[in-house]
Structures are given as C-alpha cells and as structure tokens.
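Trainee: I would like to go through this model with you and ask, for each label we put on it, what the label rests on.

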Amino acid sequence: MKIVSIFVVIIITITACIIYLWIARKYNIVDLPNERSSHQDITYRGIGIIIPIVLGVTNLLFPFCSEFFILGLLIAGIAGFFDDLFQLRNAYRLVLYIIAIALCMYGIAPEIAFYNLGITVVLLLLITGVVNAFNFMDGINGMTLLYTLVCTVSVMTSERLFNLDLLPQGFYTTIFIVILAIMTLNMRTKAVAFLGDSGSIVLGIICSFMVLRLIWSHGQLGYLGFVLVYGVDSVGTIIYRMLLKQNIFNAHRLHLYQMLTNEKRHNPLKISLVYGGLQVAINISMIYLLYYWGDVAFTIGFFSWVVILIAVYIVLRTYYIKDITKLWGVS
C-alpha cells in the first residue's frame, strides 16, 4: 500500500475506535466483572467488531481481497458481537461461524475449498475448533492481539523467505494498523475496551487461514507450530476438564493463563507477554530450521516443541498451581 493509503487506513481505524467507544458508552455495552473474570473494573466490550468493518471499508477503497472473505469476517464479527450482547444459543452460533468460515475459505483459498469435499469438511471443522480456541484464550489484556501480531509477522516472514504468494500486502498492512490501534485500548493494566467474541473470533479466523495457506502452499504441517502455545493450553485444558468430568462447553476459568493470573496473581500483561514471547521463540526457531536445515529438521523441531510445551504445561499445573495434583496423586 502507498503512504497515502496507509494514512487513510489509520484515519479510518482511529475514527472507528472513537465511534465505537461513544456507542458503547451511550448504550452501556460494558463487561461487568464476575466470578470467572480476570479483571475487576467495568470495561467496554465488543470493540473487536471494528476489525472486519475496517477491513471491509479499506477493501472498498483500495481493493486487495475477495469480497467473500470480507463477508465471512463480517458475519463472524456480527455473530460474535450479538453473542456478547445476548448470548446466542450454541447451535445458532456454531452454524453462523461455519457459514462465515466457509465463505472465507471460498474467498481466500478457493484451491483448497474445491480440492476435495471430504478435505473441505474436515478443514471447516478443524478451523472452527481453532477459532473457538482463540475465543476461549481471549481472557486477559492484550493476549489475543499480541498473539495475532506474532502470527502475522511470522507468516509474512515465511512468505518472503520462501517466495510464497499467500495474501496481499494491503491485507497485512490493514491488520497491523487495526491491531495496534486496539492495543492502545486493550493492552494496558486497566483496559479501556475488550475485544469480545466479535474480535477474538475474527482474529482466530484470520490466523487460521494464514497458517492454512502456509501449510497448503509449502506442504508442511509443522506450520501449526505458529499457533502452538494456544493449542497446548486449549487442548490441555479440555483434557483436564474431561478428567474432572466437567461439561467442556460450559464457561470456566481453568485455562493455564487464567490460573496464573487469577490464582497466582500474576500481572495479566506479563502473562500475555510471556505467551507472546514464547510463541516468538518457537516461530523463530521453526523458520530458522526450515530455511537452513530443511524439512526433516523443521518437522523434528515442531514435535520437539510440542513435547516441551506439554511438559511445561503439566509441570506448571502440577507443581506450581497444584490444581491437578489429585489426578495423579502428587502432594
């Protein structure tokens, strides 16, 4: 994008933030602390809805992306926003998200969407799972915004190093601008606004498709490592709740990051930085291995990180947080 275009996107983003905060204040769209919250102050919620709106307006002015992809993001964002306000039924929400993801797949990855019906169905379900993981992990200040920033930079770096053609520059630029703008309101000790489902779902879709395009273009499943920290925490927590015979679809605050923040009283921003920093280290090592040592080293590196993160997860929950010691008799 040219300098003038970037300036226009910045103005659009800032204007969208201001308008949304005015609307949230006027109509009392706030996040009241409850027993599951990691915050104690009343905070505006749902500001993530501006992400697909800014992408849509920018795409109208400086076309860079398929209208189907933008439409899918808008549907996901609107569904998430209404879920923030009224708590949609799980079935309605799931159907809307699948429709949104299908539109995004058709718009940004048609070669995948039409490759094989079975593969398409499996990918829809997998991406829906990843997107929900992003939603579950969006519980403390700056977490999902920082994580998306790390994922985007990693995908861009891989694209440049390996001469891939994944997504247009205008898309990356717009995502950077809108994330940085919302960070000024969210990534602080006392957040002014939370993303809400509208933001976390949209960013989950964006990260999912960036990584999917990488995997499809390069033929390397190891790129799943770019979202590995979220993956281990999400899957580990689901398994933990199943062992406790809990309904995994009910709300909770048993993710590792929530336990570190709520039970161990660590600063939420520090936990977000640790999660983001760990993902940076993983991504740098993975890119290095693939670029200098090749596919085999890349695959070994990916599985090594999987083992390391699982071990860290178990050790932290067992010996530091001590919330699962009763499951295997550790005192």
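Trainee: What share of the contacts in the protein with a separation of 6 or more comes from residues 24 or more positions apart?

Mentor: Residues 24 or more positions apart account for 71% of those contacts, where a contact means heavy atoms within 4.5 Å. Keep in mind that this is a predicted model, in which local features need pLDDT of at least 70 and side-chain atom pairs count only at pLDDT 80 or more, while totals for chains, interfaces and linings use all residues. Residues are numbered from 1 along each chain as its sequence is written, and side-chain values use heavy atoms, with hydrogens and water left out.

Trainee: How do you know whether the radius of gyration agrees with that of a compact globule?

Mentor: The rule, applied to C-alpha atoms, is 2.2 Å times the number of residues to the power 0.38. For 331 residues a compact globule would have a radius near 20 Å, and because the protein has 19 Å, the two agree. Along its principal axes, the C-alpha trace spans about 60 × 55 × 35 Å.

Trainee: Why is Thr58 called buried?

Mentor: Buried means under 20% relative accessible area, with exposed set at over 50% and partly exposed in between, using a 1.4 Å probe and protein chains only. Thr58 has 0% relative accessibility and therefore counts as buried. Thr58 is placed in helix 2 (residues 50-61), a helix being a DSSP run of H or I with at least four residues, and a strand a run of E with at least two, numbered from the N terminus. Leaving aside residues up to four places away in sequence, Thr58 touches Met1, Val9, Pro63, Phe64 and Thr174.

Trainee: What makes Thr173 buried?

Mentor: Its relative accessible area is 12%, so Thr173 is buried. Thr173 lies in helix 8 (residues 169-186) and touches Met1 and Ile6, again not counting residues up to four places away in sequence.

Trainee: Which residues have the most contacts inside the largest nonpolar core?

Mentor: They are Ile50, Leu55, Phe171, Ile205, Ile206, Phe209 and Tyr223, in a core of 101 residues. A nonpolar core is a set of buried Ala, Val, Leu, Ile, Met, Phe, Trp, Tyr and Cys residues joined through side-chain atoms within 4.5 Å.
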